[in-house]
Amino acid sequence: MTQPVNSGPMARDARPREQVVMFSIAGYRFVISASSVQEIRSTDSLGGTVVDLDRPVLRKVRHIVERDARSCYVVSGYEHFHLPLSRPTSVLILRAVPVAVLVDRIEEMAEMRVLLGLPLSFCGEERVWYRGLTVFGRKVVPVADPRGFLTAEELRRLKEENPGLHQTAGHHVGESRHERERV
């Protein structure tokens with residue numbers, strides 16, 4: 001029995017593909033699903049209102065940004081991933097979570113063809129940070145999980161320790177005007 005000539009490449013091309021944003025922090029590359037990013041801005045042109053937290057309970061979060069009737073906690077990428085101090089120039093404003101991530105730079109938009117599970121050696125908090133690993137060129141790159149930048153427990157702590165911000169903003173962090181009007 002013979003196999004069709006195109007079975008190898010066809011099978012590879014049939015794999016699910018995902019558009020991703022490749023970014024770097026302190027010289028390390030990461031990717032995140034493009035569908036989880038609402039907007040990419042320069043730190044210079046972020047716009048909106050940046051508010052300092054009254055009590056920064058997490059070292060990686062010191063500010064909230066209010067933009068387009070939505071508030072997000074600003075997460076320092078290098079603090080989050082425990083990397084050396086860096087100079088962020090871009091902000092990834094995430095879609096489904098109340099998070100804006102400071103990154104050094106946007107490398108490129110790309111198409112991810114494979115998502116590999118995390119090896120068992122990833123046994124700590126990085127299991128929350130990453131969805132898995134992927135390969136670009138000859139390099140293995142971690143795929144960030146947008147929900148991993150702030151866990152439910154971290155969000156609860158931030159809200160508890162900074163209640164005045166929610167009252168002055170007139171709404172809860174991450175909640176859009178449309179969501180507030182439904183209630």
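Predicted model: local features only at pLDDT ≥ 70, side-chain atom pairs only at ≥ 80, totals over all residues.
Local features need pLDDT of at least 70 and side-chain atom pairs count only at pLDDT 80 or more, while totals for chains, interfaces and linings use all residues. Residues are numbered from 1 along each chain as its sequence is written, and side-chain values use heavy atoms, without hydrogens and water.

**Strand E8**

Strands are DSSP runs of at least two residues (E), numbered from the N terminus. Buried means under 20% relative accessible area with a 1.4 Å probe, protein chains only. In strand E8 (residues 99–103), 5 of the 5 residues are buried, so the strand is largely enclosed by the rest of the structure. Val99, Val101 and Val103 point one way, and Ala100 and Leu102 the other way. In a regular strand, side chains alternate between the two faces of the sheet.

Two strands pair if DSSP finds at least two bridges between them.

| Strand | Sense of pairing with E8 | Bridges |
|---|---|---|
| E6 (residues 70–76) | parallel | 4 bridges |
| E7 (residues 90–94) | antiparallel | 4 bridges |

Tyrosine 73 has valine 99 of E8 as its bridge partner, and isoleucine 93 stands opposite alanine 100 in E8. E7 and E8 form a hairpin, with 4 residues between them.

**Largest cavity**

A cavity is a set of points on a 1 Å grid over the protein atoms alone where a 1.4 Å probe fits but cannot get out; lining residues have an atom within 4 Å of a point. Lining the largest cavity are Gln38, Glu39, Val65, Arg67, Asp68, Arg70, Cys72 and Ile93. Strands E3 (37–42), E5 (61–67) and E6 each supply at least two residues of this lining.

Notes. Buried < 20%, exposed > 50% of the residue type's maximum accessible area, 1.4 Å probe, protein only. 1 Å grid on protein atoms, 1.4 Å probe; cavity = no way out; pocket = protein on both sides within 12 Å on 5 of 7 lines; lining within 4 Å.
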